[in-house]
Amino acid sequence: MTTRRDILRGGLAATAGLAAGTAARAEGDPLITELQDWNHVLGDGVDANPYGMPSRHEAHVKRRSVEWLTADPVSSVNFTPLHELDGIITPNGLCFERHHGGVADIEPAKHRLMINGLVDTPLVFTMQDLMRFPRENRVYFLECAANSGMEWRGAQLNGCQFTHGMIHNVMYTGVPLRLILEEAGVKTNGKWIMPEGADAAAMTRSIPIEKAMDDCLVAFKMNGEALRPEQGYPLRLVVPGWEGNMWIKWLRRIEVGDQPWHHREETSKYTDLLENGTARRFTWEMDAKSVITNPSPQAPILHSKGPTVLTGVAWSGRGTIPRVDVTIDGGKNWHEARMSGPSFDKSMHRFYYDFDWDGTPLLLQSRAHDSTGYVQPTKEELRQFRGVNSIYHNNGIQTWYVNEKGIAENVEIS
Ligand SMILES: Nc1nc2c(c(=O)[nH]1)N[C@H]1C(S)=C(S)[C@@H](COP(=O)(O)O)O[C@H]1N2
Ligand SMILES: [Mo]
């Protein structure tokens, strides 16, 4: 972080005549007057990289994990570098990963999806069979319910990659789950489904039949290409707007039942212990949330005072995000941010706030409004209802403190 900053600062300082504006004068800049290697040496021909990769100068743009968070990488998580991205789509190679038994390495020709339980005809599908159903394309965010979980009791991790990076937003191609369930014929007492993964963790969750029949997809493509192994190749369940844990990867079986199964992931895990000792359960929908991605601790302001672009992302499991408010003075004044990019249901939204920085310290916050009228709460408001025992479903407003040098850090203000 410091090195990149120093390099960029050095580059700017060498440029004579940089005033309050955003561009330098051309005179005397060796990067203009002297030839660079790439100006006269032939580059790689086609096929040097049959599957293209980002520029080597972008090597710092990658998923990162937090070493002390988990005991073993096969049951662990890494985080999407939100501060390096723009727009609303997460590139496939940067989608955060969360596995409970490592990444299953599945041969697609040997993969099967079984539908059993309370159905008229138990069925087994090959990947080829699934490809013959009418398919749909839809963009959705997936957020782990534990995203921002480390921040419940106070500011902890220094970077939006770590505080908010258990989220990705991609376009899925898949078959509506409803069509597959209808093919098997759900019996009238079939009220719940239990999708199961083919990984060593055999991840399972209970999902009400209404959701299964509404907007769930059995997806095989993300952003146009096959699902990545990390994201469930060759098949994953997409459960729009609901907590990531329910989006079963490496999907091999769906059982239909008349009641929930109360498996580990919906009893001991993914429940919220309240102050009075009881736990909230089946909190499936992800509440509206937002975060400023730039500036942020991993992405300081690299220029001096003057025109500054602030940007971030917002999402809601209940609909779209028509509005985001931004404050640069810790909530004394709020400004409506500028939304830019497509606004899809249960998808990430991009916002900007372009302002003239006077070079004094800033307290940055963003506040999302969703299409149901719900407004993102402060962390204190959340704690009043939820106490401090929770891990999951922390959608409180994030604060970044930016000092006069442009360095940002994770703080909380009351
Ligand atoms: N089969 C299987 N599905 C799974 C998991 C798993 O470990 N095994 N992890 C779940 C959890 S907790 C989350 S948050 C999401 C993460 O999806 P991602 O790895 O694409 O980010 O997958 C869910 N589906
Ligand atoms: Mo998760």
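Tutor: Helices (H or I, at least four residues) and strands (E, at least two) are DSSP runs, numbered from the N terminus. Counted that way, the protein chain has eight helices and 23 strands. Please keep in mind that this is a predicted model, where local features need pLDDT of at least 70, side-chain atom pairs count only at pLDDT 80 or more, and totals for chains, interfaces and linings use all residues. Residues are numbered from 1 along each chain as its sequence is written, while chains are lettered from A and ligands numbered from 1 in the order in which they are written.

First, the setting. With a radius of gyration (taken over C-alpha atoms) of 24 Å, the protein chain comes close to the 22 Å that the globule rule (2.2 Å times the number of residues to the power 0.38) gives for 414 residues, so it is as compact as a globular protein of that length. Along the principal axes, its C-alpha atoms fill a box of roughly 80 × 60 × 40 Å.

Now let us look closely at helix 8, which covers residues 379-386. Lys379, Leu382 and Arg386 are buried there, meaning that 20 or more other C-beta atoms, placed from the backbone, lie within 10 Å of their own; exposed means 12 or fewer, and partly exposed is in between. Seen down the helix axis, the directions from that axis to the C-beta atoms of the buried residues fall within an arc of 60°, so these residues line one face of helix 8. What do they pack against? Their partner is strand 13 (272-273), with contact meaning C-beta atoms, placed from the backbone, within 7 Å. Turn to the other side of helix 8 and you find Glu380, Gln384 and Phe385 exposed. Just after the helix, glycine 387 takes a positive phi of about 70°.

To finish, here are some surroundings. Buried residues make up 39% of the 414 residues in the protein chain. Elsewhere, five strands form an open sheet in the order 4-3-12-7-8, with mixed pairing; two strands pair if DSSP finds at least two bridges between them. Strand 4 (123-126) and strand 8 (207-208) stand at the edges with a single partner strand each, so one side of each has no neighbour in the sheet. Strand 8 runs antiparallel to strand 7 (residues 192-197), and two bridges join them. In this pair, isoleucine 193 stands opposite isoleucine 207 in strand 8.

Terms used. Two residues are in contact if their C-beta atoms, placed from the backbone, lie within 7 Å.
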